[in-house]
Amino acid sequence: MNTETDLLPEDERIFYAGIQQEISAHPVIKILQQQKNISEQQIALEKAKLLPGLQLAYNLNSFRGMGADDKVYGSVPRFHSVQLGVLVPVFSGAQKARIKAAKVAESVAENDLMNTEFNLQNQLKKVEKIYRTNLDIVSRYEISELKNADIITETAKKQFLAGEINYLEFVILVNQAVALKNSYTDAVWKLNQSAIELEYLTLNP
């Protein structure tokens with residue numbers, strides 16, 4: 001690669017804490033929960049429109065000219081009036097249709113929430129299983145396989161320098177050790193990917 005710097009593959013582990021095992025705090029769940037709450041409030045609003053209401057009005061008018069009391073009035077507002085009434089819905093068919101539509105929207109929102117929770121929970125169980133499997137593989141490499149790779153490399157060096165094996169045999173042995181380390185790096189990468197996915201599924205705000 002035209003550089004004197006030693007380039008090594010990244011093999012640092014990402015550890016999954018595993019503290020939060022629920023998906024209730026996941027942003028997708030929170031959004032769907034909010035949509036469900038909005039649907040419930042919409043139903044309450046549409047139902048409220050069927051209830052009688054009060055109407056209060058205040059008017060301030062002016063009159064110009066001769067009044068009934070034989071007085072001349074200018075254009076300055078001086079006549080006050082108040083109106084109080086009760087609003088009673090007469091034609092409620094359209095409003096009841098809106099309530100029905102709001103209930104359908106609430107049902108859809110609730111089903112979306114339940115389905116998403118179910119799918120995320122199943123995905124969480126699946127990814128946790130994959131993570132545990134990958135963790136076992138990485139642990140096995142760290143306990144024995146990497147040590148074996150180092151032993152193979154050191155032994156091959158000593159035998160080659162002592163003339164006990166030729167160069168081809170030396171390369172074959174070293175390649176075996178390198179293959180073990182490459183496999184370990186791949187295992188760590190898979191472990192990290194599953195850890196990242198677990199963190200996403202159990203994301204806390």
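Trainee: How many aromatic pairs does the count come to here?

Mentor: The count comes to 4 aromatic pairs. The rule is that rings of Phe, Tyr and Trp (for Trp, its six-membered ring) pair if their centres lie within 6.5 Å; planes under 30 degrees apart are stacked, over 60 edge-to-face, and the rest tilted. Before we go on, this is a predicted model, so local features need pLDDT of at least 70 and side-chain atom pairs count only at pLDDT 80 or more, while totals for chains, interfaces and linings use all residues. Residues are numbered from 1 along each chain as its sequence is written, and side-chain values use heavy atoms, with hydrogens and water left out.

Trainee: Okay, what makes Tyr167 and Phe170 a pair, and why is the pair called tilted?

Mentor: Their ring centres are 6.3 Å apart, within the limit for pairing, and their planes sit at 35°, so the pair is tilted. Both residues lie in helix α3, 3 residues apart, about one turn of the helix. Ring pairs also link Phe160, Tyr167 and Phe170 into a cluster.

Trainee: Is Tyr167 buried or exposed, and how do you know?

Mentor: Buried means under 20% relative accessible area, exposed over 50%, and partly exposed in between (1.4 Å probe, protein chains only). Tyr167 has a relative accessible area of 57%, so it is exposed. Phe170 has 17%, so that residue is buried. For the protein of 205 residues, the buried share is 22%.

Trainee: Why is α1 called roughly antiparallel to α2?

Mentor: Helix α1 (residues 27-48) and helix α2 (residues 93-161) pack at an angle of about 165°, with their axes 9 Å apart. Axes are lines fitted to C-alpha atoms, for helices over the stretch in contact, and angles run from 0 to 180 degrees between N-to-C directions. Under 35 degrees counts as roughly parallel, over 145 as roughly antiparallel, 65 to 115 as roughly perpendicular and the rest as oblique. The angle is over the antiparallel cut-off, so α1 is roughly antiparallel to α2.

Trainee: What is the handedness of that crossing, and what residues make up the contact?

Mentor: The crossing of α1 and α2 is left-handed; that term applies if the near helix is turned anticlockwise from the far one by less than a right angle, and right-handed applies if clockwise. The contact of α1 with α2 has 10 nonpolar, 6 polar and 10 charged residues. For those classes, Ala, Val, Leu, Ile, Met, Phe, Trp, Tyr, Cys and Pro are nonpolar, Asp, Glu, Lys and Arg are charged, and the others, Gly among them, are polar.

Trainee: And what makes α2 roughly antiparallel to α3?

Mentor: α2 and α3 pack at about 160°, with their axes 7 Å apart. That angle makes α2 roughly antiparallel to α3. Their crossing is left-handed, and the contact of α2 with α3 divides into 27 nonpolar, 6 polar and 8 charged residues.

Trainee: Which residues touch the most other members of the largest nonpolar core?

Mentor: Val138 and Tyr184 do, in a core of 21 residues. The elements giving two or more residues to this core are α1, α2 and α3 (167-201). A nonpolar core is a set of buried Ala, Val, Leu, Ile, Met, Phe, Trp, Tyr and Cys residues joined through side-chain atoms within 4.5 Å.

Trainee: Back to α2, then. Why does Ile99 count as buried?

Mentor: Ile99 is in helix α2 and has 9% relative accessibility, so it counts as buried. The C-alpha atoms of Ile99 and Gln42 are separated by 8.3 Å, although the two are 57 residues apart along the chain.

Terms used: Helices (H or I, at least four residues) and strands (E, at least two) are DSSP runs, numbered from the N terminus.
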